[in-house]
Amino acid sequence: MSEMEMAESGKTPKLKVATAALCGCFGCHMSLLDIDERILKLVELIEFDRTPLTDIKKVGKCDIGLIEGGVANAENVEVLREFRNNCDILVAVGACAVNGGVPAMRNQFDLKECLEEVYIHGIGVENPQIPNDIEIPLLLDKVHPIHEVVRVDYFLPGCPPSADTFWTFLTDLIAGEAISFPYSLIHYD
Amino acid sequence: MSTEKTFRLDGRDIPFIEGDTVMDAALRAGEYIPHLCHNPEFPPHGSCRVCVVDVNGRHQCSCTLPADENMDVDNSSEAITDVRRSLLQMLFVEGNHTCPGCEKSGACQLQAVAYNTRMLNPHFTHFFPKRSIDASHPEIVFYYNRCILCGLCERVSRDIDKKSVFAITGRGINSKLEFNSLSGKLGDTELSADDKAASVCPVGAILPKYKGFEVPIGERLYDTKPISVVGDVAANHSAEDSVLGNADEYSSDE
């Protein structure tokens, strides 16, 4: 019996996986898709819940939550806490989630300076004003790695983590084995 | 029968001569002990503590510890690796080490030693200090964000180049690298790109201008082989090479 048939017959229920992109560039999600045809094998083992790939808006009870990006605004905090509350295993994916990454370079400046540079003094800005609509999530004073906001179970470093890193991590985890990355898969850039 | 003196390191007999440190003898015997502030070309400094080993049940700094018989040195257990990883995590959160945006990435000793300890996260809360860049020198740029205060440039500029361009001032969290000029700017010091001090930085703090990202990803010093095989950044630097290193000539090592 193939794994797919086993999954369909309900003998091995598929693990539920949710993903979210906070303050990142979506590169980590693109890298996940770089597993290429292995994604067919992956969807035999897992089922996607909330993720930009399914466009489901609310995260349900999940086995694994993958978080790309750091925490830069109030909505990031809300989404991250929802994921922590609903996912048994929460994973920081990529440099921004692990240590703030490139977006955290704004921590060198006061938030007011950043906003004024972009919306007031920026080259080519017309009708300069700092956006202040109630629909826009408020920016945090600083960008934070996600482990500074919630408890995190695993970390996948890299900018982005390579497709092989995702594959090694997910297959080892689903198989219940200790996750072991070869040297070439541990990098911070 | 040999009268050679030895100590034990990870169960292996390591020969040493009088005056050797544990680090000296281990490196000569081909045993890698992770280190950042230490460069075997120069006297030890003992400040980064990354070369910590367990000697007969006590944590010791191997680059400053004189070798002695009856030493039983643990250099590779999970316990000692945990200690080193914590030290590295503290170094990472204390500065602003944005690896994806750093020209030294892939050929950085801080990164390579962290890979050696299999560090996957910073663990601690980031300090995010506000630090600047000094680009006043025509050939060299200095990034305060990346400086780990190992003191190598200070020692080498003073002892080898005889220029004393660099000095670490302040104490504790206020420690800072300063430049020896009236303006305090690097560009007004006697530093030259040919100085030894310009090429000993283990991280991306002192970098030559106009050479950023010269070596493509995949060919950088630590891209495919660990630092225990490739060796230090400074040891891989030669006059015709960029400070960023070139992995090609070392691929025959294994």
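User: Which conventions apply here?

Analyst: This is a predicted model, in which local features need pLDDT of at least 70 and side-chain atom pairs count only at pLDDT 80 or more, while totals for chains, interfaces and linings use all residues. Residues are numbered from 1 along each chain as its sequence is written, chains are lettered from A and ligands numbered from 1 in the order in which they are written, and side-chain values use heavy atoms, with hydrogens and water left out.

User: In what order do the five strands of the open sheet in chain A stand?

Analyst: Helices (H or I, at least four residues) and strands (E, at least two) are DSSP runs numbered from the N terminus, and two strands pair if DSSP finds at least two bridges between them. In chain A the order is E2-E1-E3-E5-E7, with parallel pairing. Strand E2 (46-48) and strand E7 (154-156) of chain A each have a single partner strand, so one side of each is left without a neighbour in the sheet. From one strand to the next, the twist averages 25°.

User: How many bridges join E1 to E3 in chain A?

Analyst: Strand E1 (residues 15-21) and strand E3 (residues 62-68) of chain A run parallel and are joined by five bridges; Ala21(A), for instance, has Glu68(A) as its bridge partner in E3(A).

User: At what angle do H3(A) and H7(A) pack?

Analyst: Axes are lines fitted to C-alpha atoms, for helices over the stretch in contact, and angles run from 0 to 180 degrees between N-to-C directions. Helix H3 (residues 38-45) of chain A packs against H7(A) at about 25°, with the axes 12 Å apart. H3(A) is therefore roughly parallel to H7(A), a term for angles under 35 degrees.

User: Which residues of H3(A) and H7(A) meet?

Analyst: Contact means heavy atoms within 4.5 Å. On the H3(A) side are Arg38(A), Lys41(A), Leu42(A) and Leu45(A), which meet Ala163(A), Asp164(A), Trp167(A), Leu170(A) and Ile174(A) in H7(A).

User: Is Ala197(B) buried or exposed?

Analyst: Buried means under 20% relative accessible area, and exposed over 50%, with partly exposed in between (1.4 Å probe, protein chains only). Ala197(B), found in the loop between strand E9 (176-179) and strand E10 (206-208) of chain B, has a relative accessible area of 0% and is therefore buried. Leaving aside neighbours within four places in sequence, Ala197(B) is in contact with residues including Cys153(B), Phe166(B) and Ile206(B). The C-alpha atoms of Ala197(B) and Phe166(B) are separated by 9.0 Å, although these residues are 31 residues apart along the chain.

Definitions and conventions: Parallel < 35°, antiparallel > 145°, perpendicular 65-115°, else oblique.
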